[in-house]
Amino acid sequence: MDARAVRQALEDARFDPRHEVLAHGDHSWAELTEWERIGQLLAVAAPGSVYDPDADAVVQAELAADAEASAAQDARRREAARIAARADELQALRELGTLEEIEPCHGDEAVRDELTRRAGGHLQVDVDGWLAHALAGHLGHYRDSAAREAAVSLLPPAVLAHAALLAELARLILGTHADQLAFAGRLATTEPEAADALATFLTRARLEGRHDRDGT
């Protein structure tokens with residue numbers, strides 16, 4: 001568009017009946033403001049210049065922002081669909097009694113939250129225990145130290161305390177079977193702070209014992 005066409009568009013916008021109502025956020029008012037901005041661009045441009053939206057930094061920035069927002073929304077939708085599908089899968093395994101036979105994967109912390117939401121916010125003891133055992137044993141995606149570090153902010157204190165206690169008890173008596181440590185889950189569920197304190201105490205005892213052995 002050349003300067004003349006822009007001026008005409010601006011005049012048409014100014015006399016548009018829609019501008020009788022200039023409410024905040026009104027689309028017609030935003031349109032008028034945009035034509036005024038474009039007119040100012042051409043007013044300071046070289047004679048004979050035309051308006052090209054492809055060369056308008058403001059327009060291109062808005063298009064880029066819109067594309068980024070759209071991409072982010074699509075990503076959220078895909079992630080929500082993935083979480084829902086994984087939750088369906090874990091629920092089916094729970095019903096079959098085979099949940100403990102699989103290893104957790106990246107994003108299962110969010111799936112745990114989805115299962116809890118579906119249950120009306122009630123504790124999912126079996127799922128929490130499954131994640132705690134995997135975290136303690138470095139199974140599934142918890143083989144990666146970064147995933148274990150991330151779990152601190154993704155899992156509730158009770159699950160983290162359960163995992164820490166399991167890890168220390170397993171070190172205390174090698175070859176201990178998971179069924180022999182069921183009490184750890186009950187303690188972590190009912191008294192997460194006590195379970196965490198016990199895990200910390202056992203860690204300290206193990207490290208001090210190692211120090212004493214190394215010093216002799």
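Among contacts (heavy atoms within 4.5 Å) in the protein chain between residues at least 6 apart in sequence, 55% join residues at least 24 apart. The model is predicted: local features need pLDDT of at least 70 and side-chain atom pairs count only at pLDDT 80 or more, while totals for chains, interfaces and linings use all residues. Residues are numbered from 1 along each chain as its sequence is written, and side-chain values use heavy atoms, with hydrogens and water left out.

The secondary structure of the chain comes to nine helices and zero strands; helices (H or I, at least four residues) and strands (E, at least two) are DSSP runs numbered from the N terminus. Of the 216 residues, 29% are buried, that is, under 20% relative accessible area with a 1.4 Å probe and protein chains only, where over 50% is exposed and in between is partly exposed.

**Helix 3 and its surroundings**

Helix 3 has 40 residues and reaches 58 Å from its first C-alpha to its last, close to the expected 58 Å, which is 1.5 Å times one less than the number of residues. Its buried residues are Val 59, Ile 83, Arg 86, Ala 87, Leu 90 and Leu 93. Just after helix 3, Gly 97 takes a positive phi of about 75 degrees.

Helix 3 (residues 57-96) packs against helix 4 (residues 108-118) at an angle of about 70 degrees, with the axes 9 Å apart. The axes are lines fitted to C-alpha atoms over the stretch in contact, and angles run from 0 to 180 degrees between N-to-C directions. Helix 3 is therefore roughly perpendicular to helix 4, a term for angles of 65 to 115 degrees. On the helix 3 side the contact includes Ile 83, Arg 86, Ala 87 and Leu 90; on the helix 4 side, Val 111 and Leu 115 are among the residues. The residues of this contact divide into seven nonpolar, one polar and six charged; Ala, Val, Leu, Ile, Met, Phe, Trp, Tyr, Cys and Pro count as nonpolar, Asp, Glu, Lys and Arg as charged, and the others, Gly among them, as polar.

At the start of helix 3, a side-chain oxygen of Asp 56 reaches to within 3.0 Å of the backbone nitrogen of Val 58. Asp 56 lies in the loop between helix 2 (27-43) and helix 3. Glu 168 is in helix 7 (residues 157-172). The contacts below do not count residues up to four places away in sequence.

| Residue | Relative accessible area | Touches |
|---|---|---|
| Asp 56 | 5% | Arg 37, Leu 41, Tyr 51 |
| Glu 168 | 6% | Ala 199, Leu 202, Thr 203, Arg 206 |

Note on methods. Angles under 35 degrees count as roughly parallel, over 145 as roughly antiparallel, 65 to 115 as roughly perpendicular and the rest as oblique. A polar contact is a pair of N or O atoms within 3.5 Å; within protein, one must be able to donate a hydrogen and the other to accept it, and residues adjacent in sequence count only if both atoms are side-chain atoms.
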